[in-house]
Amino acid sequence: MSESHLEDHEVQLCLIGEELRRDASIVKTCQSFQRPVHYSTDGSDWVDEDNVITVFVVSSFRGEIFERLQNEKRHILGIPALKDLANSGHPILVKNKPVYCLALLGCRIIFSGYRHKSDLDRLLKLVHTMGGSVIRDVGRKVTHVVAKASMGDKYNYATTFSLPVITEDWLQTAWDNRENLGFSANTKEMHEKYKLPPFAGNVVCFYGFDQGEVEHMTEILVANGGRVAEGGVRGCEAVTTTHMVVDENNVDQLPTDIKISDRCCVVRGEWFWNSIQIQAAADVSSYMWRATGVLSPSNRSLFSPPTPSSVGASRKRKRLRRAEVINALATDSPAHKRRSSISELGLLSMSGSFLDSTDRNLLSPEPERGAVLSSVEREGGEPEAVISIPVFNLKTATPRQQVFHELVTTESNYVGILDCVTKISEEAEDPCQQGGALLDQQEMKIIFGNLPPIRKVHTDMLKRLKELEANWSEEACIGTIILDCAGDLLKAYPPFVNFFERTKEQIQDCDRRNPRFHAFLKKCERRIECSRQTLTELMIRPVQRLPSMSLLLNDLLKHTKRGGEHRDIELLEQAIAKVKNVMTHLNEEKRRTEGQIHIFDIYSEIDNCPASVVSSHRSFVCRAECFEVAAADVLCGKGYELTLFLFTDILLIAKKKTGKIGGMLRSPSTTSIASGQINMQTKALKFVTLIHLSAVRRLVDILDTADTESGVIAFVCRQTEDLRERCYTFQLLTETNEEKVAFLRTICRHVANTLCRPDSESLLVRLEPRDMSLEASDLNVSTLSRTFSSLYKTKQKVGRAFSFNRTPGKLKRAVSTMISPITSSSTLRTDGFSRTLGRNQKTPSDSLRELKLESVLSTPGGKGTPRSRTRLQSCVNLGDSPRTFQSGFSKPKRLDLESPPRGGEENKDPEFRTPNLCSRPSFRDKFRPRSGTFASFNRKSSINQ
């Protein structure tokens, strides 16, 4: 009886054993099929009748009862198969073989490469037990191929029709999941996981490749299931060797002392890389290697013994050919002379970029002597016209014609390269190839998206140049063609040149992580039209074409002027100017584009970086690593590692983030834990501040002394937020003093440009550390001090992480606001200042303790006035003390902190204001300018005078 869902027969179920009879769930599952359900101890009392089929349900596929039913060829189902049929709504499955589960339901499998009958019997039993079928011969019914090696007709059939070729581990995994209801091994994920490697069971030897390429191919061979034949080239003589891969570009004949085994196939190198590309062993019949001249009648001397007369004639022909080649190479052609206009390549000099290189040897060979038929194809591939080019005689051609011929030849070669790259693009994008497209749409756009406009303009230019060469005359105007195409060149080249570095990076990235694309590129390198050049080397040709064209046009102009007055002289001069203009525009656009891309990279590198940094009118200049040293105005504190990013109009300062503290990860905040969002640190820098160059007043080069370290500089700036001068001091990580001076001069130049000042050098001053009241301990940032600073910061962070009362209450904040002027006053009365690693911050509890202490210290009887009764200023107007600014620097005045008269008259003072408890004073308003700033430096200078 055929294996099918028998709907025209009456099917009944029979549960074997008391265990299944008592299982209510199994009984309910059987009844869901709406078929008669019977019970039996061993099934011997039930036999098939006419039009009635009995399917036995057993709990185990082992034991005497199961073996007896199997030998009687009864229809047997396992519990997982029964439940899966019921859950999916399918009718009862009737098969001649016992079915325990449905992991391979619908799979029709064929085996390839198995020689032992015991292995086949074991695999056949597995397939049938899981609901699958086994087919003997290939055909349309086959859905899967289980193979041991990537060879044979069955394997080639499967790869041709894209059938899954998998290993027997696929069957074993399906059997291991037999108890999992709903499991199916016929999925794309399972096929990919257990796919047969392309070179499984292959033993390969290589011949004709260099050592580096052999090592690379060996690594890929082993990674894809193959192994290298022992004995090197002699390995092809072994019976176990299956393939000998020969470099067809380097090898014409195999050594005569090598005897290749009958089982070994000699294939070209393209077979190897194409197998990697399609992720399956390619059919060797399409890649068989043949020695050069085997089918060529002109090389019969290779196989027949030469006669004395033929030897003499051959030697004579060889001498004639050699003389011809020497004469051709020695021809005095202006195309081969050294050009004096080589300096024009400087127009494309961009700090050592790829634009500095000139055109290399072109790919296409020189056209043969004789009549040449040239057909220019449209974009659709159809020939547009056939142009008959007359014979070009190098001896009779004028110098101007020879240079023009070189221009046409190089342009033809260049268009051939563009056509080759376009063909590679079409093949990589083809979704109908085996394995699908090699690249996705985004990758295709980045690599090949900007090339079609360039190809179009040069194809049109080549067509007109060939028409002019076919009808050549000395009165022909070549400059007209270049001038007509100059506008299209200016539009087509900038997008490609500006993002060429990104294109190279994308090619390298896809080559590294996509094995199929890597094999495809290797295969393309072996093509004759690619001349063993990589895709990156081919893609750089558009960058090199314009300098080469400029040189040829200059030579053409030079030889045109030698012929006397010619109407093409003015046109060629205009054409050269246009080409130079295009190259200059390319340089400017590329420099601007690179600057914009660099800004985006910096923005992505810094945490909490303001979005206003990214601007179209701004470009990046340079960056510098430094340490912050002790001074009156600090950004982060002494010992912090900072990075200075200089742009054309701003200076961005960021600090390095510490991801690990003492070997432990930084503790997340309680807010992030409560919200379930823990932001893992991914950026190396954190934003500190942004200084506009228009706010920079002076740059100080702090001279080196015996007690201080080198590289110390200072910035004096006046920000619009607080309208006061601040001085930030840093120690640059430079090796020499010249690098520090160069960095300062660069900043001075951009500050002067921002302020529209011609005297950039006047912004830079050089001072001794003592002139700025800086001591050696302030300037030296040793490793030990940085370590203590790091430990101090660690202590603060750990304390904040484990603090349960970090947010002060409303009362404490209000009292702290009232006490802030008092603490500021006490700070202002001090003569010196304490140099600390961070800001002098106090908690609300500290202010309360100071208030209590001062109330206790107040003298009885009114002899002393406690500080709690001093006149309070408004929190808003705390920093509004009168100041005068002279010569760009401020001279701070002391605040009037005298005690008011007693008797409650302080409330009658018209200048008295009730403190605003809703706003807290800014931290920068708590301190006056201390010694060490430029304000105090001016004050000391005036006193000394």
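**Figure 1. Surroundings of Phe404 in the predicted model.** In this predicted model, Phe404 is in contact with Leu465, Leu468, Glu469, Trp472, Ile478 and Leu556, residues up to four places away in sequence being left out of the count. Phe404 also belongs to the largest nonpolar core, which has 60 residues. Together with Ile424, Leu535 and Met539, Phe404 is listed among the residues with the most contacts inside that core. Helix 12, residues 399-429, supplies the largest share of the core, namely eleven residues. Another core, of 30 residues, lies apart from this one and includes Ala158, Val245, Ile278 and Ala519.

Figure 2. Ile417 is found in helix 12. Its relative accessible area is 1%, so Ile417 is buried. Ile417 and Pro542 are separated by 125 residues in sequence, yet their C-alpha atoms are 9.4 Å apart in space. Asp419 forms a salt bridge with Arg455, with an N to O distance of 2.7 Å. Because Asp419 lies in helix 12 and Arg455 in helix 14 (residues 452-470), the pair ties together parts that are 36 residues apart in sequence. Both side chains belong to partly exposed residues: Asp419 has a relative accessibility of 32%, and Arg455 has one of 22%.

Figure 3. Strand 1, residues 10-16, is mostly covered, six of its seven residues being buried. Strand 1 runs parallel to strand 3 (residues 52-57), to which six bridges join it. In this pairing, Leu15 stands opposite Val57 of strand 3. Strand 1 also runs parallel to strand 2 (residues 37-40), here with four bridges. Leu13 stands opposite Val37 of strand 2.

Figure 4. Two bridges connect strand 7 (residues 144-147) with strand 8 in the parallel sense, and Val146 has Ile166 of strand 8 as its bridge partner.

**Figure 5. The salt bridge between Glu168 and Arg122.** The structure holds 35 salt bridges. In one of them, the side chains of Glu168 and Arg122 meet at an N to O distance of 3.5 Å. This pair links distant parts of the chain, 46 residues apart: Glu168 is in the loop between strand 8 and helix 7 (169-176), whereas Arg122 is in helix 5. Glu168 counts as partly exposed, at 26% relative accessibility, and Arg122 likewise counts as partly exposed, at 39%.

**Figure 6. The salt bridge between Arg513 and Glu443.** The closest N and O atoms of Arg513 and Glu443 are 2.3 Å apart in this salt bridge. Arg513 lies in helix 16 (residues 500-513) and Glu443 in helix 13 (residues 441-448), so the pair ties together parts that are 70 residues apart in sequence. Arg513 is partly exposed, with a relative accessibility of 47%, whereas Glu443 is buried, with a relative accessibility of 9%. Elsewhere, salt bridges that share partners join Glu213, Asp247, Glu248, Arg526 and Arg532 into one network.

**Figure 7. Contacts of Asn202.** Asn202 is found in the loop between helix 8 (188-193) and strand 9 (203-207). Asn202 has a relative accessibility of 1% and therefore counts as buried. With neighbours within four places in sequence left aside, Asn202 is in contact with Ser150, Met151, Gly226, Arg227, Thr242, His243 and Trp271.

Figure 8. For Cys30, the nearest cysteine sulfur is that of Cys14, 9.8 Å away. Since a disulfide requires sulfur atoms within 2.5 Å, Cys30 is in no disulfide. Cys30 is buried, with a relative accessible area of 0%. Cys524 is also in no disulfide, the nearest cysteine sulfur being that of Cys530, 5.7 Å away. Cys524 is buried, with a relative accessible area of 3%.

Definitions and conventions:
Residues numbered from 1 in each chain as written. Predicted model: local features only at pLDDT ≥ 70, side-chain atom pairs only at ≥ 80, totals over all residues. Heavy atoms only, no water. Core = buried A, V, L, I, M, F, W, Y, C linked by side-chain atoms within 4.5 Å. Buried < 20%, exposed > 50% of the residue type's maximum accessible area, 1.4 Å probe, protein only. Contact = heavy atoms within 4.5 Å. Pairing = 2+ DSSP bridges. Salt bridge = Lys/Arg side-chain N within 4 Å of Asp/Glu carboxyl O.
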